[in-house]
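Keep the 3D view open as you read.

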Amino acid sequence: MGKLKVRIEKAQCVGNARCHAVAGTLFPLDDEGYVAIEGFTVRSEDELLARRGARACPERIIKIVEEEI
Ligand code: SF4
């Protein structure tokens with residue numbers, strides 16, 4: 001089984017903060033309100049929250065991917 005990772009197409013972010021509203025600890029925003037990161041490895045205890053954050057993005061630019069290890 002691989003590790004789950006979040007990948008964010010940061011350049012496409014429109015700054016509506018939906019991801020941050022449901023999972024603020026996982027999806028920090030920059031000073032202008034756009035998502036501040038391009039991705040991270042998901043800790044197992046954060047999996048549900050990460051998926052909720054991804055689903056919350058109306059632009060569909062947050063992807064959950066499984067990487068082989
Ligand atoms: S929900 Fe999507 S578009 Fe909105 S701030 Fe988060 S990454 Fe950007």
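Predicted model: local features only at pLDDT ≥ 70, side-chain atom pairs only at ≥ 80, totals over all residues.

**From the sheet to the core**

Start at Lys5, which sits opposite Thr41 in β2.

Leaving aside residues up to four places away in sequence, Ile62 touches Val6, Ile8, Cys19, Gly53, Ala54 and Cys57. Ile62 also turns up, with Val6, Cys19 and Ala50, among the residues with the most contacts inside the largest nonpolar core, a set of 13 residues. The elements giving two or more residues to this core are β1 (3-8) and α2 (47-56).

So what does α2 bury? Its buried residues are Ala50, Gly53 and Ala54. Looking down the axis of α2, you'd find these buried residues within an arc of 100°, so they line one face of the helix. As for the general rule, an α-helix has 3.6 residues a turn, so residues three or four places apart point the same way. The buried residues of α2 pack against β1, α1 (18-22) and β3 (62-67).

Last stop, the ligand. It is surrounded by 15 residues, and the closest are Cys13, Arg18, Cys19, Val35 and Cys57. By type, the shell around the ligand splits into 11 nonpolar, two polar and two charged residues.

Definitions and conventions
Residues numbered from 1 in each chain as written. Core = buried A, V, L, I, M, F, W, Y, C linked by C-beta atoms within 7 Å. Buried ≥ 20, exposed ≤ 12 C-beta atoms within 10 Å, placed from the backbone. Helix = DSSP H or I, 4+ residues; strand = E, 2+ residues; numbered from the N terminus. Contact = placed C-beta atoms within 7 Å. Arc of directions from axis to C-beta. Near = placed C-beta within 6 Å. Nonpolar A, V, L, I, M, F, W, Y, C, P; charged D, E, K, R; others polar. Pairing = 2+ DSSP bridges.
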